[in-house]
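Hi,

Here is the structure I promised to pass on.

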Amino acid sequence: MKLVTRAQLGWPASAAPSQPSTKGVKVHYEGTAVSRKLLTDHDACLDEWKNIRRSHLANTAENYSDVAYNYAACPHGYLLEGRGLRHRTGANGNQALNQAHYAILGLVGSSGLTDPPDLMLSAIRDGIDLMRKNGAGPEIRGHRDGYATACPGGPLYAWVQKGAPRPNAAPANPPKEDSDVALSDADIKRIADAVVDRLLGKDAFDAPEDSANYSPDPKSSAHYWTGRTVFRELVTKIRKLDKAVTALAAAQRKGS
């Protein structure tokens, strides 16, 4: 986890109300145009986050005590501290909703930068996991769940609906490696038959010149060995060897 703290941002301790536990976390987006410059300039991400806090503190109608979100996540995989742990959010729409869930913001918007990169999704998961260890329940929702809004936008909400999976996570049931695949006897027989049929049905290589039926003519089938030729040659040699061994054994018995 790459965390940028309030102290690193130059902010004092949050004045937001205490909130020791919730049902879970709600995911948000900015809901306005967000510059794609954030993709290549991390300083722009920090400026964006600071500007959000500045605008919230200047909003006299909402009377925010701090930036509304507990955390934000940027395209470079940084988790940016807002109200932080165990503080009530001001982002979910009303006091009941704020008490029910903490809030985390992805720095994407309704135009410009709209699709959250994997590093941002990982940072959002970092924030969710951190809050779960510090009072948040298991629920992961979008801002629109329970409040009439388009937030957190189509791409982020689709990810939330999938359970907010961490990018590049191993699948729950990874496919077995080839060495782990169990073959039935029928599978093995089909494979063996296919190999033998391939071997026996095609001339494969030049025959040795000392083979019984060798022909120097490349156009002659006797110039090549097939699988059948190999087997026939082996059987012939084995029979000759067997006869020789039998004769030698007989001679030894006779001599003794």
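How many helices and strands does the secondary structure of the chain come to? There are seven helices and 10 strands. Keep in mind that this is a predicted model.

Some overall figures to start with. The chain has 256 residues, and 40% of them are buried. It exposes about 15,000 Å², with 53% of that supplied by carbon and sulfur atoms. If you take the contacts between residues at least 6 apart in sequence, 66% of them join residues at least 24 apart.

Now the inside. The largest nonpolar core holds 45 residues, and the ones touching the most other members are Trp49, Tyr69, Leu80, Ile104, Leu107, Ile124 and Leu156. Several elements each supply at least two residues of this core, among them strand E2 (22–28), helix H2 (42–57), strand E6 (101–106) and helix H4 (118–132). H4 gives the largest share, seven residues.

Leaving out residues up to four places away in sequence, Leu80 touches Val4, Cys45, Leu46, Trp49, Asn70, Tyr71, Ala72, Cys74 and Leu107.

Then there's the largest pocket, with about 490 Å³ of space. Its lining counts 28 residues, and Tyr64, Ala68, Gly90, Ala91 and Asn92 lie nearest the centre.

Cheers

Notes:
Residues are numbered from 1 along each chain as its sequence is written. This is a predicted model: local features need pLDDT of at least 70, side-chain atom pairs count only at pLDDT 80 or more; totals for chains, interfaces and linings use all residues. Side-chain values use heavy atoms; hydrogens and water are left out. A nonpolar core is a set of buried Ala, Val, Leu, Ile, Met, Phe, Trp, Tyr and Cys residues joined through side-chain atoms within 4.5 Å. Buried means under 20% relative accessible area, exposed over 50%, partly exposed in between (1.4 Å probe, protein chains only). Helices (H or I, at least four residues) and strands (E, at least two) are DSSP runs, numbered from the N terminus. Contact means heavy atoms within 4.5 Å. Accessible areas come from the Shrake-Rupley method with a 1.4 Å probe; for residues, only the protein chains shown count as cover. On a 1 Å grid over the protein atoms alone, a cavity is a set of points where a 1.4 Å probe fits but cannot get out, and a pocket is an open set with protein on both sides within 12 Å along at least five of seven lines; lining residues have an atom within 4 Å of a point. Grid points are joined across faces, edges and corners, and a volume is the space filled by probe spheres set on the points.
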